[in-house]
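The notes follow the order in which I looked things up.

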Amino acid sequence: MQAWLLVVFGILGAMLVDAFGVRATALSALSVSVVSRGLLAFGRSRETMTFALLGLSPFGEAVLSTGIYTVALKKLTTRANRAFAFGIQYGVFNLSGALADVAADMLRPHDFKLPDWLPRSVLGGYTHMSGLRVHVLVTWFAVLAALAVVVPLLFDSMVVPTEETDRPEGRAAAAFPTSSSGGYSSPPPFTPAELASLRDRATAEERTRGFLIARAPKAKPPLP
């Protein structure tokens with residue numbers, strides 16, 4: 001059942017990125033993941049574990065996997081560097097998965113006594129934790145670290161071609177696909193006047209490489 005939920009929420013994640021932007025989607029998914037991992041690490045009842053695995057975890061994990069790691073990555077890259085970016089993402093994703101499997105196998109046979117100075121009320125009353133629960137606890141801290149990075153550093157930005165043409169030439173031709181949206185991977189959230197202003201302010205380096213990085217506005221312009 002969880003596999004089906006991951007598929008459904010993965011599709012939903014792609015839609016959320018287009019509708020609400022990369023930052024809002026990442027904050028929502030990571031916040032849900034923090035709660036679900038916390039329940040798995042500190043929960044004591046079967047109902048709590050079931051709710052975390054089937055109610056919260058599919059949303060957080062699938063939205064991050066499909067919505068952020070796939071759709072958002074495409075939004076923030078050009079054709080020239082997209083394959084390299086996806087290659088790095090794929091390599092890191094598989095390396096972390098392999099390391100997590102090895103760590104889980106190493107921790108599984110062991111139990112760990114928690115330090116006496118840790119507040120028992122915060123840890124659900126635990127004095128000892130199994131190896132697998134410690135493993136989940138480590139991933140909980142990893143998700144917290146990711147959320148701490150996203151809050152101050154991740155914003156809705158997009159790649160904007162410096163040439164106002166549906167068929168960019170020169171270096172821009174290698175970077176942007178030809179499409180009805182004028183070379184964008186998604187319809188631009190800027191008005192024509194805003195796009196013209198961005199291109200007028202482009203630096204010589206940005207004009208040479210054929211694109212610039214712009215912070216997307218909070219509200220999208222109305223469709224014509």
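I began with contacts (heavy atoms within 4.5 Å): in the protein chain, among those between residues at least 6 apart in sequence, 71% join residues at least 24 apart. The model is predicted, so I noted its limits: local features need pLDDT of at least 70, side-chain atom pairs count only at pLDDT 80 or more, and totals for chains, interfaces and linings use all residues. Residues are numbered from 1 along each chain as its sequence is written, and side-chain values use heavy atoms, with hydrogens and water left out.

**Elements.** I listed eight helices and four strands for the protein chain; these are DSSP runs numbered from the N terminus, helices being H or I of at least four residues and strands E of at least two. Read from the N terminus, the order is α-α-α-α-β-β-α-β-α-α-α-β. Of the 224 residues, 36% are buried (under 20% relative accessible area, 1.4 Å probe, protein chains only).

**Helix α2 against α3.** I looked up helix α2 (residues 22–42) and helix α3 (residues 46–75), whose axes come within 8 Å and cross at roughly 150°. Axes are lines fitted to C-alpha atoms over the stretch in contact, with angles from 0 to 180 degrees between N-to-C directions. α2 and α3 are therefore roughly antiparallel (over 145 degrees). Their crossing is left-handed, that is, the near helix is turned anticlockwise from the far one by less than a right angle. I noted 18 nonpolar, seven polar and three charged residues in the contact of α2 with α3. Here Ala, Val, Leu, Ile, Met, Phe, Trp, Tyr, Cys and Pro count as nonpolar, Asp, Glu, Lys and Arg as charged, and the others, Gly among them, as polar.

**Helix α2 against α5.** Which angle do α2 and helix α5 (residues 131–153) make? Their axes cross at roughly 160° and come within 9 Å, so this pair is also roughly antiparallel. α2 passes α5 in a left-handed crossing. The contact includes L27, L30 and V34 of α2, and V136, W140 and L147 of α5. I noted 16 nonpolar, four polar and three charged residues for the contact of α2 with α5.

**Two arginines.** I then turned to R82 in helix α4 (residues 79–107). R82 is buried at 17%, and its side chain reaches the backbone oxygen of T77 at 2.8 Å.

Definitions and conventions. Angles under 35 degrees count as roughly parallel, over 145 as roughly antiparallel, 65 to 115 as roughly perpendicular and the rest as oblique. Buried means under 20% relative accessible area, exposed over 50%, partly exposed in between (1.4 Å probe, protein chains only). A polar contact is a pair of N or O atoms within 3.5 Å; within protein, one must be able to donate a hydrogen and the other to accept it, and residues adjacent in sequence count only if both atoms are side-chain atoms.
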